[in-house]
Structure formats: C-alpha cells, structure tokens
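Here are my notes for your read-through. Please keep the sequence and the model open beside them.

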Amino acid sequence: LRSPQSPCTKPCFSHPAGSQLPCFHGSSTIRNLKERFHMNMTEEQLQLLIEQMVDGSMRSITTKLYDGFQYLTNGIM
C-alpha cells in the first residue's frame, strides 16, 4: 500500500502538478500525503509506529467515548 506504485497510491503520486482537481492544488498536497503514508520509514520502523499508535488509541478516553457512541447509535462494537 505504501509503494508509490501501489494501485491505491499511484494515481496520487503520479498525478501531474497542473491537475484541475482541487485536492491537488497547493505545493504541499503530495508531500503531506507521502508524510501520512510514512514513505521515509522502513517496514520495521512503520510497524513500531503503528503499534505505538494503536496502543495509544486503546488507552485514549476519546477512543472509548467514540466506541461507546458507535455502540449506542449503530450497534457497532
């Protein structure tokens, strides 16, 4: 998924800078997308980051509140 050649990301990373699509306006769009996919990290570094993010989310009060909201309104657990 993180590869610039992935079917999910290729259209974004290979899109011309002069695109008419509003989401591509601004010079930081592609840079921000690459940062979000952590393209500069090795697979091992990314795995550690994801584990830290999941661990932080599991302990977060906002996650617990949102999960409770989803359960009450949609029956999603």
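1. Is isoleucine 50 buried, partly exposed or exposed? Isoleucine 50 is partly exposed, because its relative accessible area is 41%. On this scale, buried means under 20% relative accessible area, exposed means over 50%, and partly exposed lies in between (1.4 Å probe, protein chains only).

2. A word on the source. This is a predicted model, in which local features need pLDDT of at least 70, side-chain atom pairs count only at pLDDT 80 or more, and totals for chains, interfaces and linings use all residues. Residues are numbered from 1 along each chain as its sequence is written, and side-chain values use heavy atoms, with hydrogens and water left out.

3. The overall layout. The protein has four helices and zero strands. From the N terminus, the order is α-α-α-α. Helices (H or I, at least four residues) and strands (E, at least two) are DSSP runs, numbered from the N terminus.

4. Burial and surface. Of the 77 residues, 13% count as buried. The protein exposes about 6400 Å². Carbon and sulfur atoms supply 62% of that area. Accessible areas come from the Shrake-Rupley method with a 1.4 Å probe; for residues, only the protein chains shown count as cover.

5. Contacts along the chain. Take the contacts with a separation of 6 or more: residues 24 or more positions apart account for 34% of them. Contact means heavy atoms within 4.5 Å.

6. Back to isoleucine 50. This residue lies in helix H3 (residues 43–59). Together, Ile50, Val54 and Met58 make a nonpolar surface patch of about 280 Å². In an α-helix there are 3.6 residues a turn, so residues three or four places apart point the same way. Nonpolar side chains (Val, Leu, Ile, Met, Phe, Trp, Tyr) are joined within 5 Å, like charges within 9 Å.

7. Check histidine 38. It sits in the loop between helix H2 (29–36) and H3. Most residues other than glycine have a negative phi. Histidine 38 is partly exposed, at 23% relative accessible area.

8. Helix H4 and its end. Glutamine 70 is in H4 (residues 61–74). Glutamine 70 counts as buried because its relative accessibility is 14%. Leaving aside neighbours within four places in sequence, glutamine 70 contacts Gly75 and Ile76. Just after H4, glycine 75 takes a positive phi of about 70°.

How values were computed: Patch = residues over 30% accessible without salt bridge, like charges linked within 9 Å, V, L, I, M, F, W, Y side chains within 5 Å. Salt bridge = Lys/Arg side-chain N within 4 Å of Asp/Glu carboxyl O.
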